[in-house]
Amino acid sequence: MFDLQHTLSSLKNQADWVSLRHVAEKTTFRTIRDEKADRNSISFDQGVMVEVLIEGHFGFAGTSDLSSSGIQRAFAKAVSMAKSAAAHKVHEFSLEHRPLAQGSYRSPVVQPLDSFSAKEITDIFIDATKAMKISDKILSRSATTMIVETSFHSISSSGSEVDQHFSIVSTDFSTTAGAGSETQTRSDSGGLARCLQVGAEVFDRASILERCQRIAEEALELVSADNCPDTTMDLLLAPDQMTLQVHESIGHPLEYDRILGDERNYAGWSFVKPDDFGKLQYGSPLMNVTFDPTIPDALASYAFDDSGHQATKEFLIQNGLLLKGLGGLESQSRLELPGVANFRSASWNRAPIDRMANINLEPGTSKLEDMISSVERGVFMMANKSWSIDDYRNKFQFGCEYAKLIENGKLTKTLKNPNYRGTTVKFWNSLKAVSENRETYGSPYCGKGEPNQVIRVGHTTPYCLFANVEVFGA
Amino acid sequence: MNFTENMKQSFHQVADYLLGQLKNGEQANVNLNAEESLFVRFNGNKVRQNTHVEQRTLGLLLQKEGKTAHVSFSITGQVDEDKKRADFWLSQARKECDLLPEDPYQVPIKNNGTSDNTFKGALLPDEEVISAITRPAQGTDLAGLYCGGPLISANKNSQGQSHWFATENFFMDYSLYHGEKAVKSVYAGTEWNQKDFEANLALSKNQLNLMDRPKRTLKPGAYRTYLAPGAVAEMASMLSWGALSFNAYKQGGSALQKLAEKEKSLSKLLSLRENYGLGLTHRFNSLGELADETLELISAGELKNFMTSSRSAKEYGVPGNAADSYEAPRSLEILPGSLKEQDILKELGTGLYLSNLHYLNWSDRLNARITGMTRYACFWVENGEIIAPIADLRFDENLYDCWGPNLLAITEFQAVDPMVSTYESRSFGGKKVPGMLIKDFKFTL
C-alpha cells in the first residue's frame, strides 16, 4: 500500500488546496444457472483522484499509476485542469466547499465475507436453482450474487482525513416459466434489488431456498394468469416496487445538479424549481421523505460525502410539503438553498456530483391487511421490472413482475404484466394509506453524470396505497 | 513515449510474462483496456467540472482442469509493478479454479490470429478544448460533455493469439437550450476540425430557432410520425437488451422470440446487420475471436441470425458468430430505404416529427413493446409544414406494429450514432441508422 500522507506532503505547497482520494474496490460475481457454473469473476479496481483548488475552480485528475511519478503526473494534470477552466468556471468555489473532515465509517458486518468460501456460496446457489425446478414449465433458473468490498481513503492539505470501508452484498434469484408462446419471469424482489451493507450472514440457506421455492411457484402462476386490466383503480405497491417509485419520482427530481441544469444533456432537468422549496405540496399529508445515510444496513449509508461534508438524516418532504433538496455544498452555494451531504463519486476516476443516498419514505400508521381491506377494487403490484420517466421526472410508466387483484377488500386472482402510469405530483397527492412496517431495498446501478457514473442507492419504504391510478396489462 | 506507445510496450511485456507463468494444463486469455481521457462538462456554456483520467485494466481468463476463472485488476503502466500484480492475480485465479465447480460450457482457448492497428488522431490539445467550444457557442445556453484521448483494447492468449487496437478519438455531446426548449447534437471523430464543429453548432442554433414558437400540447392517441435517425438509434439500442442474444432467446428473455418463431413478422423494408466495416470498433471480441465483417441479423423483416457467443454455441450445439459474452451488437447498421430527405415533411403530411427519444424500456418484452418519451426538437407538422414544437409525450408501442405493417418508409440517408457511454470507462462502437416514417405510432400520456 502506498503512503498517501507522504505523497500529499510533496504536493501540498503547490496549489491553494490539494486532496488525494484513494479508492480500492473488489467486486466478486458468482452465478449459477440451472445448477451449473455460469459467471464467476473477481475484479479489483484501484487508483487515486488528485483534486486541486486554484483560482476558485477545482481541477481533477485520476490515475491508476500509484507510483510517485504517476501521482506527480496526475497532480500536474489537475493543476492544468483548474487553470485552464478557471476563467470559464460556473461558480467561484473556496475551501468552504471542502470542510475539515476527520473520521471513519465501516459497514456493520455480523459474519465477515472472507469466512464464507466460493465453494460454500456456489453450493447454496446450486441448491437454490434446484429448488426452483418445480415443473417442466420452468425454462431457466439462476442465482447470482455480487459482493463488493470498497475502501475510500481521502486526505487533504487542510488536514482532513476520512477512511470509509463498505461491505456490500447483492443477491438475485430468478426463474422464467413458459407454456406455448407465453413466458414470465419472477425474481426475488427485482434484479439485484436485495442489496445491503452486510456480511456473509446474508447467505442463509434456509431463507434462500424458501424464497426460491416461492418465486418458482409465482412464475408458474403468472404463465396462466390473466393480464392486468386496462382501467383506473386503486393501486397498492409493495416496498420492492416503492423503491423504484421513490427513486425515480422523488430522488432524481430533487437533485440540485439537475435543478441547476448540469445534467440537462444526459439524464435531464427537473420539474422542481428553486422557488418550490417550502411551497410545493408534493404529495398528500401522509408523505414524509428523508435523506438518511444513517440506517445501518442500507446500501448508501456513510459518514461523509466526498467533499468532507458530514452525513446526517434530513427531512426532504414533511406532511407532503417539499422542504429540502439533494445537493452538496457546491450546489447549495450555487442555488443558495440548504441541502444534504450527497456530493459523491462512483470511484477514484470520477469527480463527485450530487447523488441520491438512502432516500426513504417514513412509515405510516396503517396495517397492510387493513389497507387491503379498505379497497373495493384495486390491484396490488410487486417487484419492478420496467421503468421509464421523462427528462423532467414528471410523466412515468412503471411495470411490475407480479400482481394480485383486490376485490371487496380481499386479494383474489394473480395478474400478469401489471403496469401503471401517472404524473409525479398528482400521483403522490393520491397517496391515501402508508403501512407501519417498512422494508429496505436499493440499486447498485443508478446511472447519471457526464462522464457517466453508477452509484449505489438505498430505499427503505412502507407499502403504499394510491387512489385512482391508470393501470394496464399487455 | 506517449500513453499509447507506453501501453503497447508494457502490455506485451506483462502479458508475455503472465502467460509464461502458466503451468502444464493451464490455458489463459489476457485482455487490456486502457484510456487517457479528458472530460470537460459544460453548463450554460461554462465549465462545471473538468477531469483528466489515465486508467488501465488487465483481464485474465484462466482455464484449469475444466474450471474457468475470470479476474481483472488495475495496472499502472510500470512493468515491474504490473508483473507483481499479475503474479498475485494469477494465484487468485488458480484459487478460484480450485474452489469452483466445473464449467460445462468452457470455450477452448485457441489462436484466432493476429492483428495490430494503431490509429493516430488529430485531437485538440487539452488546454485548447474549452475555448474551442465556448467561443463559437458564446451567447448560447450550452450543456454537454467533451471527451477525448487515446483508447486501447488488446488481447493475447496462451495459444499465441495477439490483437492490438488503439485509436485517438473524441466526441462533443451537447444540447442547446432556450428556456425549456432544447436541441441535441454530437460532433465526433478522430480529427477535430474547428470549422466542422462550428457548422454543427450553427445547425443546432438554427434548429433551436425553429423551437421559438409556443408549444403545442397533444392528446394521447395514434399519430403519423417521422422518427429522425437520433430517435431510431434510441429504439435500436433496445435490441441490445437481450433481444438479439441467442442465449436470452433460449432462456425465454428475448423480445424477438415471436419473430424468431415466426408468430410475428416485421416489415420487408427493415434490414439490420452488424457491420464492422463502419469503422466504429475493432472486430475481435474479448476472447480475440474475429467476427465476419458483416452479419445479417434481420433481412427484409425476417430474423436471420441471433448474436451467438462461442459459449452459447457450445451450450446449445449451434454455430457461433464471434459475438461477445453479452451477445449484443457492437456496430449495428439499419439499412437505408428510399425516402429522400427533401420529401420527409411532404410524406409525413400531418403528424409528428421526432428528433430524439428518451429513457426507453420494454413495457411488454414478450410482445416487443417499448415505452419512452419524446425529447428535444420534436414538432407538430401540418400539411408538410412545421407548425410548433410539442410538449413531451409518452409513447408505448410494439415493434411488430411500428417496424411491421405501420412502417411506411425508411430514409435513403443514414446517420452515425457514436457510442458516447462512459460508465467506468470510454466505449468503442456505435450505430448507423436511417430515419423512419411510421403510421399510427401510439402515444399514451
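Two strands count as paired when DSSP finds at least two bridges between them. Strands themselves are DSSP runs of E with at least two residues, helices are runs of H or I with at least four, and both are numbered from the N terminus.

This is a predicted model, so local features need pLDDT of at least 70 and side-chain atom pairs count only at pLDDT 80 or more, while totals for chains, interfaces and linings use all residues. Residues are numbered from 1 along each chain as its sequence is written, with chains lettered from A and ligands numbered from 1 in the order in which they are written.

**Chain A overall**

Chain A comes with nine helices and 22 strands. Its C-alpha atoms fill a box of roughly 70 × 55 × 35 Å along the principal axes. Of the 474 residues in chain A, 60% are buried, that is, they have 20 or more other C-beta atoms, placed from the backbone, within 10 Å of their own.

One open sheet has four strands in the order β13-β12-β11-β16 (chain A), with antiparallel pairing. β13 (321-322) and β16 (359-361) of chain A sit at the edges with a single partner strand each, so one side of each has no neighbour in the sheet. Strand β11 (residues 289-291) of chain A is joined to β16(A) by three bridges, and Val289(A) stands opposite Leu361(A) there. Helix α5 (residues 239-251) of chain A lies across β11 and β16 of chain A, at about 115 degrees to β16(A). That angle is between N-to-C directions, on a scale from 0 to 180 degrees, with axes fitted to C-alpha atoms and, for helices, over the stretch in contact.

**Helix α4 of chain A**

Helix α4 (residues 205-223) of chain A has 19 residues and reaches 27 Å from first to last C-alpha, close to the 27 Å expected at 1.5 Å a residue; the expected span is 1.5 Å times one less than the number of residues. Its buried residues include Ile208(A), Arg211(A), Ile215(A) and Leu222(A). Among the elements covering them are α3 (118-131), β5 (138-156) and β18 (395-407) of chain A.

**Where the chains meet**

The contact between the chains takes 73 residues from chain B and 62 residues from chain A, where contact means C-beta atoms, placed from the backbone, within 7 Å. The largest share of the chain B side, 11 residues, comes from strand β2 (residues 46-64) of chain B. 15 of the 19 residues of β2(B) are buried, so this strand is largely enclosed by the rest of the structure.

Here are the pairings of β2(B):

| Partner strand | Sense | Bridges | Opposite residues |
|---|---|---|---|
| β3(A), residues 57-63 | parallel | four | Thr63(A) and Glu54(B) |
| β1(B), residues 26-43 | antiparallel | 18 | Asn33(B) and Thr57(B) |
| β3(B), residues 67-74 | antiparallel | eight | Leu58(B) and Phe73(B) |

In the hairpin of β1(B) and β2(B), with two residues between the strands, Gly44(B) takes a positive phi near 65 degrees. The hairpin of β2(B) and β3(B) likewise has two residues between its strands, and Glu65(B) takes a positive phi near 50 degrees.

How values were computed. Contact = placed C-beta atoms within 7 Å. Buried ≥ 20, exposed ≤ 12 C-beta atoms within 10 Å, placed from the backbone.
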